[in-house]
Amino acid sequence: MKQQSESTSASYPNRIQVVFKREPPKKLNEPLATSIRSIVHSELSTLFNELEGLVGLTEAKKTIYEIYALYQINKEREKHGLQLEKQVFHMVFKGNPGTGKTTVARLFGKIFREMGILTKGHLIEVERADLVGEFIGHTAQKTRELVKKALGGILFIDEAYSLARGGEKDFGKEAVDCLTKSLEDANNDFICIIAGYNEEMENFLELNPGLPSRFPIHIDFCDYSVDELLEIAHIMTRKKDFELTTDASDKIKRSLLNILSNPFQENFSNARHVRNCIEKAIRVQAVRLLRSNELTREDLLQLKAEDFVF
C-alpha cells in the first residue's frame, strides 16, 4: 500500500493530498451529582453517596449539589477579588409526613460541616412546646437558648406553622419574632430549617414580614409513589436483617395501591406508614415463630404475607 501511494504521488506531483482525521467522540456531560462526587474528598463523597442512596428526594438532592457548586465557585471568586453575595442557607421543607424531611435535614448538617459551612453539623430538632413559654419573656428565653444550642449546626423546627396558632396574644408569635431576629444575629454558623405541610407553611411565612426573605431556599418533598414505597420497604427490612417474600411484597403493594387510590384518604404518612407496617409484621412473625419447634435461619429472616395484617 505504501509503494502504491508513493507511485501515485510521483505520477501527480502537483496534487494536494488532504487527510481527514476523525475526532474522538465527545463525552456527554455527566450529571451534576456524578461530577461532584468524583471530585470531593472521601468524607463528603460518602455523605453524598448516602444521600443518593435515599429513595426519591430529587429536589433535595439537586439543591444540595447546587449549594456545593455555588459555595466552591464563590471561593474562587474571592481569590480573584470579585464581589460576593452573602449566602443565607436557612430553608423551608414543605411536604407531608414521612417524606424524608428530618432524614435530609440531619444529612444536610453533616454535609455542611464537611463543606466548611458549619463547624459542628449537629441537628437540634424542636417543636412548638420546646419554643413557646408559659409567661411573658419565657418564650424569648427558651428560643434564644435553643438557637445557642444549635450554633454550629441546624435548628430543625417541625410543624413550624403551629407557632402561628392561638392568635395575636399567643406566645407562639413571640417565638417567631425572636427567631426572626436570631436568624440575623447568629452570623453564618447556624442554619434554621422550618418544616411542615405545603399550604400551612406558606401561611406561616406570612406571619412575620421578615420571615420570607430570611428563608430563601424552599424544597418540596413529594409523596412517594407505590413503587418507591415498596423499594423503601425492602430497604427497611434488609437493614433489620429481614427479607420480604414475594407474596409479602405483593401484599404490601396491593395495600399501598388501595390507600393511594382512595380519594378520601387523608394524612397518609408515606415512609412512616411503611415502617409501622414492617414493625408490626415483625411482631406478628415473632408470635408465629414462637409456636414452631425448630427454627432455621430462613425462618428467622423471612417476613411472609401472613405477617402483614392491614
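**A chat about pockets, strands and loops**

Me: Which helix gives the largest share of the lining of the largest pocket?
Reply: Helix H5 does, with five residues of that lining. Please keep in mind that this is a predicted model.

Me: Where is H5, and which other helices supply at least two residues of that lining?
Reply: Helix H5 covers residues 101–115. Helix H11 (226–239) and H13 also supply at least two residues each.

Me: What is the volume of the largest pocket, and how many residues line it?
Reply: The volume of the largest pocket is about 850 Å³. Its lining has 30 residues. Those that lie nearest the centre of the pocket are Gly100, Thr103, Met236, Ala271 and Arg275.

Me: How do the lining residues of the largest pocket divide into nonpolar, polar and charged?
Reply: Twelve are nonpolar, nine are polar and nine are charged.

Me: Now the cavities. How many of 30 Å³ or more does the structure hold?
Reply: The structure holds one such cavity. The space in the largest cavity comes to about 50 Å³.

Me: Which elements give two or more residues to the lining of the largest cavity?
Reply: They are helix H12 (246–260) and helix H13 (271–290). The largest share of this lining, four residues, comes from H13.

Me: Which residues line the largest cavity?
Reply: The lining consists of Ile252, Ser255, Leu256, His273, Val274, Cys277, Ile278, Phe308 and Phe310. Seven of the lining residues are nonpolar, two are polar and none is charged.

Me: What about the whole protein: how many helices and strands?
Reply: The secondary structure consists of 14 helices and seven strands. The protein has 310 residues, and 42% of them count as buried. Its accessible surface is about 19000 Å², with 50% belonging to carbon and sulfur atoms.

Me: What share of the contacts between residues at least 6 apart joins residues at least 24 apart?
Reply: Of the contacts between residues at least 6 apart in sequence, 74% join residues at least 24 apart.

Me: In what sense do E1 and E5 pair, parallel or antiparallel?
Reply: Strand E1 (residues 91–95) pairs with E5 in the parallel sense, over five bridges. Opposite Phe221 in E5 stands Gly95.

Me: New topic. What is the phi of Leu57, and where does this residue lie?
Reply: Leu57 is not a glycine, yet its phi is positive, at about 60°. The residue lies in the loop between helix H3 (42–52) and helix H4 (58–79). The value deserves a comment because most residues other than glycine have a negative phi.

Me: What about the phi of Asn267?
Reply: Asn267 is also a residue other than glycine, and its phi is positive, near 55°. Asn267 lies in the loop between H12 and H13.

Me: Are those two residues buried or exposed?
Reply: Leu57 counts as buried because its relative accessibility, 13%, is under 20%. Asn267 is exposed, since its relative accessible area of 62% is over 50%.

Me: Back to helix H4. Is Thr58 buried or exposed?
Reply: Thr58, which has its place in helix H4, counts as exposed at 61% relative accessibility. Thr58 and Cys222 are 164 residues apart in sequence, and their C-alpha atoms are 8.9 Å apart in space.

Me: And Asn74: buried or exposed?
Reply: Asn74 is also placed in helix H4. Asn74 is buried, with a relative accessible area of 13%.

Me: What is Asn74 in contact with, leaving aside neighbours within four places in sequence?
Reply: With those neighbours left aside, Asn74 is in contact with Leu84 and Gln87. Gln87 is 13 residues from Asn74 along the chain, and 9.6 Å separates their C-alpha atoms.

Me: Last one. Where is Ile124 found, and is it buried or exposed?
Reply: Ile124 is found in strand E2 (residues 123–126). Ile124 is buried, with a relative accessible area of 13%.

Me: Which residues is Ile124 in contact with, leaving aside its neighbours within four places in sequence?
Reply: Apart from those neighbours, Ile124 is in contact with Leu146, Lys149, Ala150, Ile154, Leu155 and Phe156. Lys149 is 25 residues from Ile124 in sequence and 7.6 Å from it in space, C-alpha to C-alpha.

Notes: Residues numbered from 1 in each chain as written. Predicted model: local features only at pLDDT ≥ 70, side-chain atom pairs only at ≥ 80, totals over all residues. Heavy atoms only, no water. Buried < 20%, exposed > 50% of the residue type's maximum accessible area, 1.4 Å probe, protein only. Contact = heavy atoms within 4.5 Å. Areas by Shrake-Rupley, 256 points an atom, 1.4 Å probe, with all protein chains shown as cover. Pairing = 2+ DSSP bridges. 1 Å grid on protein atoms, 1.4 Å probe; cavity = no way out; pocket = protein on both sides within 12 Å on 5 of 7 lines; lining within 4 Å. Points joined across faces, edges and corners; volume = space filled by probe spheres on them. Nonpolar A, V, L, I, M, F, W, Y, C, P; charged D, E, K, R; others polar.
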